[in-house]
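Welcome! Take a moment to look over the sequence and the 3D view before reading on.

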Amino acid sequence: MSTLSRKDVAHLARLSRLAVTAEELDLYAGQLSAILDAVAQVQKAAVEDVPPTTHAVPMTNVFREDVTRPSLPRDVVLAGAPAAEDGRFRVPRILQEEA
């Protein structure tokens, strides 16, 4: 069981540029000690034979295959556009760039 002293917590607070009161030093010393104990417990786990994973359960790809399919003819699509030019949608310029 690790125990942080008030001096240790005051040093950490100073490094972190945190202003803490005397009461907070006692409170944080206990809380940080509990956190360090929990981390120490996790470090004891036997994980040599456990492969690294990104998820706790196996994941499968839920996306469909990307297959090319016929689409609407360009004339039909551009017929519904507010403005078209040279076979493309015409939109207002939004950037101040030179043409």
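This is a predicted model: local features need pLDDT of at least 70, side-chain atom pairs count only at pLDDT 80 or more; totals for chains, interfaces and linings use all residues.

Residues are numbered from 1 along each chain as its sequence is written, and side-chain values use heavy atoms, leaving out hydrogens and water.

**The nonpolar patch**
- Leu-12, Leu-15, Leu-32, Ile-35 and Val-39 make a nonpolar surface patch of about 430 Å².
- Patch residues have over 30% relative accessible area and no salt bridge, with nonpolar side chains (Val, Leu, Ile, Met, Phe, Trp, Tyr) joined within 5 Å and like charges within 9 Å.
- A salt bridge is a side-chain nitrogen of Lys or Arg within 4 Å of a carboxyl oxygen of Asp or Glu.
- Areas follow the Shrake-Rupley method with a 1.4 Å probe, and for residues only the protein chains shown count as cover.
- The largest share of the patch, three residues, comes from α2; helices here are DSSP runs (H or I, at least four residues), numbered from the N terminus.

**Ser-33 in α2**
- Ser-33 sits in helix α2 and counts as buried because its relative accessibility is 8% (buried is under 20%, exposed over 50%, partly exposed in between).
- Ser-33 touches Ser-2, Thr-3 and Leu-4, not counting residues up to four places away in sequence; contact means heavy atoms within 4.5 Å.
- A polar atom of the Ser-33 side chain lies 2.9 Å from the backbone nitrogen of Leu-4.

**Leu-36 in α2**
- Leu-36 also belongs to helix α2 and is partly exposed, at 39% relative accessible area.

How values were computed
Helices (H or I, at least four residues) and strands (E, at least two) are DSSP runs, numbered from the N terminus. Buried means under 20% relative accessible area, exposed over 50%, partly exposed in between (1.4 Å probe, protein chains only). A polar contact is a pair of N or O atoms within 3.5 Å; within protein, one must be able to donate a hydrogen and the other to accept it, and residues adjacent in sequence count only if both atoms are side-chain atoms.
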